[in-house]
Amino acid sequence: MKQFRSAKRRVNVSVGESVRIIRELQGLSQNQLAQRTSIPQTTLSAIETDRVRLGVVLARALKCRPAVLVFPSWDMASGTAA
């Protein structure tokens, strides 16, 4: 690990931006990701552009915090994954 250095600058990205970045890094189009996930391409576009905040929408419907959906094994008491 000594060959790696910490980034000098950190950039905050939204969930939608993260989805787009990872999709593009894997060389997938939105249509290809739609086929893999059965999520309509228009919905993926809305997620990537943060028009739909999927975690927040689902959390509200399920009456829980978004983190519960994203990090289900997180132990709040110890601050680590269980």
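S45 counts as buried, at 18% relative accessibility; buried means under 20% relative accessible area, exposed over 50%, and partly exposed in between, with a 1.4 Å probe and protein chains only. The model is predicted: local features need pLDDT of at least 70, side-chain atom pairs count only at pLDDT 80 or more, and totals for chains, interfaces and linings use all residues. Residues are numbered from 1 along each chain as its sequence is written, and side-chain values use heavy atoms, with hydrogens and water left out.

**Helix α3**

S45 lies in helix α3, where helices are DSSP runs of H or I with at least four residues, strands are runs of E with at least two, and both are numbered from the N terminus. Not counting residues up to four places away in sequence, S45 touches Q30 and R51; contact means heavy atoms within 4.5 Å.

E48 also belongs to helix α3, which covers residues 41-48. Leaving aside neighbours within four places in sequence, E48 is in contact with G16, E17, V19, R20, R23 and Q30. With R23, the side chain of E48 makes a polar contact of 2.6 Å. Such a contact is a pair of N or O atoms within 3.5 Å; within protein, one must be able to donate a hydrogen and the other to accept it, and residues adjacent in sequence count only if both atoms are side-chain atoms.

T43 is placed in helix α3 as well. The C-alpha atom of T43 is separated by 9.7 Å from that of Q30, 13 residues apart along the chain.

The table gives the accessibility of selected residues.

| Residue | Relative accessibility | Class |
|---|---|---|
| E48 | 7% | buried |
| T43 | 29% | partly exposed |
| L62 | 55% | exposed |

L62 lies in helix α4. Together, L54, L58, L62, L69, V70 and F71 form a nonpolar patch on the surface with about 560 Å² of accessible area. The elements giving two or more residues to the patch are α4 (54-62) and α5 (66-70). The largest share, three residues, comes from α4.

**The chain as a whole**

The protein chain has five helices and two strands, in the order α-α-α-α-α-β-β along the sequence. Of its 82 residues, 16% count as buried. Among contacts between residues at least 6 apart in sequence, 22% join residues at least 24 apart.

Definitions and conventions: Patches are made of residues with over 30% relative accessible area and no salt bridge: like charges are joined within 9 Å, nonpolar side chains (Val, Leu, Ile, Met, Phe, Trp, Tyr) within 5 Å. Accessible areas come from the Shrake-Rupley method with a 1.4 Å probe; for residues, only the protein chains shown count as cover. A salt bridge is a side-chain nitrogen of Lys or Arg within 4 Å of a carboxyl oxygen of Asp or Glu.
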